[in-house]
Amino acid sequence: MSTEQEKIENVIKQIEVYDAKFLRLQFVDIHGTPKNMAVSLKKPEDVEDIIKDGLLFDGSSVDGFVGINNSDLLLKPDVDTFSTLPWRPEEKGACRFICDVHWTDGKPFEGDPRGILKQSLKKAEEKGYQFNMGPEPEFFIIGEDENGNIVPADNGVYFDVEPVDQGTDIRREIVLGLEKLNFNIEVSHHEVGPGQHEIDFRFADALKTADAVITFKQAIKALVDNLGYTVTFMPKPFFGVNGSGMHCNMSLFKDGKNIFDDPETETGLSEEALYFTGGILEHAPALSSILSPTINSYKRLIPGYEAPCYIAYGLKNRSTLVRIPASRGVGTRIECRSADPSCNPYLAFAVLLEAGLDGLDNQINPGEPTEFNAFALSPEELAKKGINTLPTSLWEAYHSLEKDSIVKNALGQHAYEQFMKLKMQEWDDYRVQVFSYEHEKYLNI
């Protein structure tokens, strides 16, 4: 294990080799939107003082942070997150640290999304657990038609190849760029919707994965922009086609062993896997506010488009909120299918972990798996089977969050209050708008 000083010296060598002239200090706001400040490096050794001392910034200008009357916050680089930025020019290039946010006295800032995830992971570590996450973020590559309307960049569907799939070369450039950032890319392909794509990377511990999701989205947008296209992670950009999800594949390790795996049971699943699943289902309505955090998210979560609507779990079943894929051994995992790529991954992974830990602590039994197509049943038939639905709007979701102490405590009081304030404002902004649909429907009344 390298010492902190050895890590700093290694960073200085990398800056010298890359001839980087700018250092970006990156963090995210409460929505998961990347923010940064760029420091000009006069010489590579300047980075040492920045790592040790941090950099002050105005936290009152960042959504979900602090008020103007107590605005000074401190960015502290995590030396393990150093990387170059392959989408920036190589000459006088840029490099980056992901930072933790602190108060000026050095105490962690309780509204820092990365810090919130670290707190949840600490709780798991105190129980002997390592929480791993493998996300599947989907996205659309879009363009404009002759009338200026936003349209998909191609008409391909699931697993198509060129020339129908116009994104093959774009995905190739994305994958090569991500590999320069040390991503372990497992698979890339065209998704179900026209212009829709997916690139999956290997699971890792949840903090490293959350950092990776932010970098992944930032890198894809920048790399594709350099190719003259636009990428959107909006959950449902087009009516009548599938939206974009970010399925979250979770596993829990203890003493180097995946404790969700149990080869002695009929399903290959341990009691811990079932209890963890029970926790996810128990807190699903409140989780929805964090995993599906925009008004547009709930236009994805409707029957008929492979997105989950029903609070149930199944083995291999893609019509339920939680799916347990067939892989066993080290690959045994629980897949939550409601998250979408508009979520803040730090907050999303924190609340999923804490909901699952509550399931373990209280031995919440998820019941028998649902092995039928839930989309094929009527609401009345589902109710008879005891299957409830996820919130159908952001309004329902944030009111579910108000009632759930486990998810609220995972966020902490500061982040919870700020999140609710912003989401209630978002709903009110939407509620008072008048849309073209309403003109078509009601103008002639």
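This is a predicted model: local features need pLDDT of at least 70, side-chain atom pairs count only at pLDDT 80 or more; totals for chains, interfaces and linings use all residues.
**Figure 1. Confidence along the chain.** The average pLDDT (the predictor's confidence in each residue, from 0 to 100) is 89, and 97% of the residues score at least 70. Among the elements, helix 8 (residues 345-361) has the highest mean, 98. Helix 4 (residues 168-180) has the lowest, 79. Local features need pLDDT of at least 70 and side-chain atom pairs 80 or more, while totals for chains, interfaces and linings use all residues. Residues are numbered from 1 along each chain as its sequence is written, and side-chain values use heavy atoms, without hydrogens and water.

**Figure 2. The fold as a whole.** The chain holds 13 helices and 19 strands. These are DSSP runs, numbered from the N terminus: helices are H or I of at least four residues, strands E of at least two. The C-alpha trace spans about 70 × 60 × 50 Å along its principal axes.

**Figure 3. Packing of the chain.** Contacts are heavy atoms within 4.5 Å. Among contacts with a separation of 6 or more, 70% join residues 24 or more positions apart.

Figure 4. Ser120 sits in helix 3 (residues 113-126). Is Ser120 buried or exposed? Ser120 is buried, because its relative accessible area is 1%. Leaving aside neighbours within four places in sequence, Ser120 is in contact with Ala350, Leu353, Glu354 and Ala410.

Conventions: Buried means under 20% relative accessible area, exposed over 50%, partly exposed in between (1.4 Å probe, protein chains only).
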